[in-house]
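I opened my notebook and went through this structure one item at a time. Here is what I looked up, written so that you can follow along.

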Amino acid sequence: MHLGRAQTADNKTHVVVVTADAGFEQSIRSTFSASQQIDMHVLSADLAAVEDKVDPEGATVILIDLNTGRAEEMQALERLMLRIGNWPPVIVVAQSFDAQAARTLLQMRVADFLVKPVPPIELVRTCARVVKPVATDQAEAEIYTFLPAVGGAGVTTLAIQTALLLLNSGQKRRASTCLVDLNFQHGACADYLDLEPRLDLSEIEPRPERLDRQLLEVMTTVHASGLAVVAAPNRPAEMRSFDPDVVTRLLDLVSSNFDNVVIDMPRTWFSWTDSVLLGSNRLFIVSEMTVPSLKHTKQLVAAIRERMPEGPQPQVIVNRFEERLFVPGVKKADIEQALGKDFTAAIPNFYRLVREAIDRGVPLEEIKPGNKITRELKKLIMPQPAKAAAKAAAESKPLNFSLAR
Ligand SMILES: Nc1ncnc2c1ncn2[C@@H]1O[C@H](COP(=O)(O)OP(=O)(O)OP(=O)(O)O)[C@@H](O)[C@H]1O
Ligand SMILES: [Mg+2]
């Protein structure tokens with residue numbers, strides 16, 4: 001697990017600086033050399049030229065002087081942000097920002113950005129602020145797994161919308177979120193989001209240990225919202241399973257680089273299914289309002305409990321929920337009776353809205369703010385405020401940015 005830390009082993013603050021501006025470099029050097037506690041490593045070039053030399057390992061904060069008007073500089077930053085994951089924080093300094101550049105930087109999860117000329121005290125304050133660990137940096141990734149009880153129940157739809165909600169749930173900054181499509185045979189996440197799937201499992205399989213942060217970055221696609229998506233191209237005619245080690249390695253790596261991980265699971269039980277479920281923090285079983293699907297759901301919940309008594313509690317979501325009075329069919333009371341306390345949420349049937357979201361590859365919230373589907377999903381995933389505050393208080397630690405004191 002890659003933990004966010006304000007302090008490094010030698011108790012120093014390590015600042016990595018990328019700048020091609022000699023004047024700016026000089027001003028930073030004189031600002032930071034005032035403290036013995038600060039160790040600085042400067043790469044005197046444009047980011048695109050030294051991107052590979054930026055080493056996040058052991059760095060407390062990375063400061064990048066960027067020409068936001070140049071596409072190759074923005075692309076180099078995007079790749080770097082993916083490689084870095086959620087720690088250390090990155091601050092961008094630029095001559096100017098337009099609204100579009102600022103938005104793009106936010107989506108890349110840059111911790112802060114400053115416009116030149118930057119007064120030294122402002123720079124130090126910003127560094128001190130961004131290296132303060134936020135609650136989520138200290139915790140392991142929260143893993144949300146969606147498992148179908150029947151085909152076509154809406155697993156992919158709900159997994160995507162949950163991931164988009166989690167992405168925007170961070171209080172101080174965006175919570176980094178990755179959607180992983182483990183439905184290798186009929187994956188639809190990339191299509192629903194209109195992205196190119198880049199995960200190539202056959203390249204990883206011969207040597208799973210090769211899969212590192214850099215390779216993961218190559219195999220990840222970033223949606224316009226900032227959501228990272230790990231999905232493989234569909235191979236409809238291929239009947240094969242992958243070594244459990246490959247899947248476990250992939251998930252370990254993803255969870256050490258993101259705050260939230262959302263998994264779209266296939267209906268078939270593979271050799272790696274147990275370990276994915278056991279590693280999940282929340283396990284949602286997606287079902288429908290028909291007698292057979294409720295029956296399947298009951299069987300599936302019982303089987304999961306039996307296989308993994310120590311695993312996460314399966315929580316059933318009944319999707320496309322609709323209750324019509326005086327019309328025969330399954331009613332809410334029937335679901336409650338069939339599933340008891342395992343019945344966790346009913347997501348309303350809203351086909352027009354869901355279809356438009358899928359066709360345009362956008363969040364439901366963007367099409368209809370405050371819609372009932374998002375509201376129900378929010379209730380399901382958002383922590384209670386009191387609990388979250390207590391967790392944050394317990395995890396906040398003093399920082400070592402001596403100049404700021
Ligand atoms: N709450 C909802 N209201 C209306 N339609 C929905 C809802 N959720 C999903 N759908 C529709 O149901 C269909 C199936 O959804 P989706 O592809 O998400 O299911 P799935 O469980 O992932 O299917 P598969 O078994 O093929 O992987 C889609 O056409 C989607 O638009
Ligand atoms: Mg699906």
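**Pro244 and its surroundings**

I began with Pro244, which counts as partly exposed because it has 16 C-beta neighbours inside 10 Å. My cut-offs were these: a residue is buried with 20 or more other C-beta atoms within 10 Å of its own, exposed with 12 or fewer, and partly exposed in between, with C-beta atoms placed from the backbone. Pro244 lies in helix 11 (residues 244-257). For helices (H or I, at least four residues) and strands (E, at least two) I used DSSP runs, numbered from the N terminus. Leaving out residues up to four places away in sequence, I found Pro244 touching Ser271, Trp272 and Ser275; contact here means that the C-beta atoms, placed from the backbone, lie within 7 Å. I also checked Glu205, which is 39 residues from Pro244 in sequence and 9.8 Å from it in space, C-alpha to C-alpha.

**What I am looking at**

I noted that this is a predicted model, where local features need pLDDT of at least 70 and side-chain atom pairs count only at pLDDT 80 or more, while totals for chains, interfaces and linings use all residues. Residues are numbered from 1 along each chain as its sequence is written, and chains are lettered from A and ligands numbered from 1 in the order in which they are written.

**The whole protein**

I listed 18 helices and 13 strands in the protein. Of its 405 residues, 38% are buried. Among contacts with a separation of 6 or more, 77% are between residues 24 or more positions apart.

**Helix 1**

Which residues of helix 1 are buried? In helix 1 (residues 22-32) I found Ile28, Thr31 and Phe32 buried. They are on the same side of helix 1 because they cover an arc of only 80° around the axis, the arc being that of the directions from the helix axis to the C-beta atoms. On the face turned away from this buried side I saw the exposed residues Ala22, Gly23, Gln26, Arg29 and Ser30. The cover over the buried residues includes strand 1 (13-18), strand 2 (38-43) and helix 5 (120-131).

I looked at strand 4 next, and five of its five residues are buried. Val90, Val92 and Ala94 point one way, Ile91 and Val93 the other. Strand 3 (residues 61-65) pairs with strand 4 in the parallel sense over four bridges; strands pair if DSSP finds at least two bridges between them. Leu63 stands opposite Ile91 in strand 4. From strand 3 the chain goes through helix 3 (residues 71-84) to strand 4 in a right-handed β-α-β crossover. Right-handed means that, with the strands pointing away from the viewer, the path from the first strand over the helix to the second runs clockwise.

Strand 4 (residues 90-94) also pairs with strand 5 (residues 112-115), parallel and over four bridges. Here Val92 has Phe113 as its bridge partner in strand 5. The crossover from strand 4 through helix 4 (residues 99-107) to strand 5 is right-handed.

I traced an open sheet of eight strands in the order 8-9-7-10-6-11-12-13, with mixed pairing. Strand 8 (221-222) and strand 13 (343-348) stand at the edges with a single partner strand each, so one side of each has no neighbour in the sheet. Strand 11 (residues 282-287) runs parallel to strand 12, joined by five bridges.

Where is Pro117? I found Pro117 in the loop between strand 5 and helix 5, and a cis peptide bond joins Lys116 to it, with omega about -5°. Arg320, though not a glycine, has a positive phi of about 55°. Arg320 lies in strand 12 and is buried, with 21 other C-beta atoms within 10 Å.

**Around ligand 1**

I ended at ligand 1, where Gly151, Gly154, Val155, Thr156 and Thr157 come nearest of the 21 residues around it; a residue is near if its C-beta atom, placed from the backbone, lies within 6 Å. Helix 15 gives the most to this shell, with four residues.

Technical notes. Contact = placed C-beta atoms within 7 Å.
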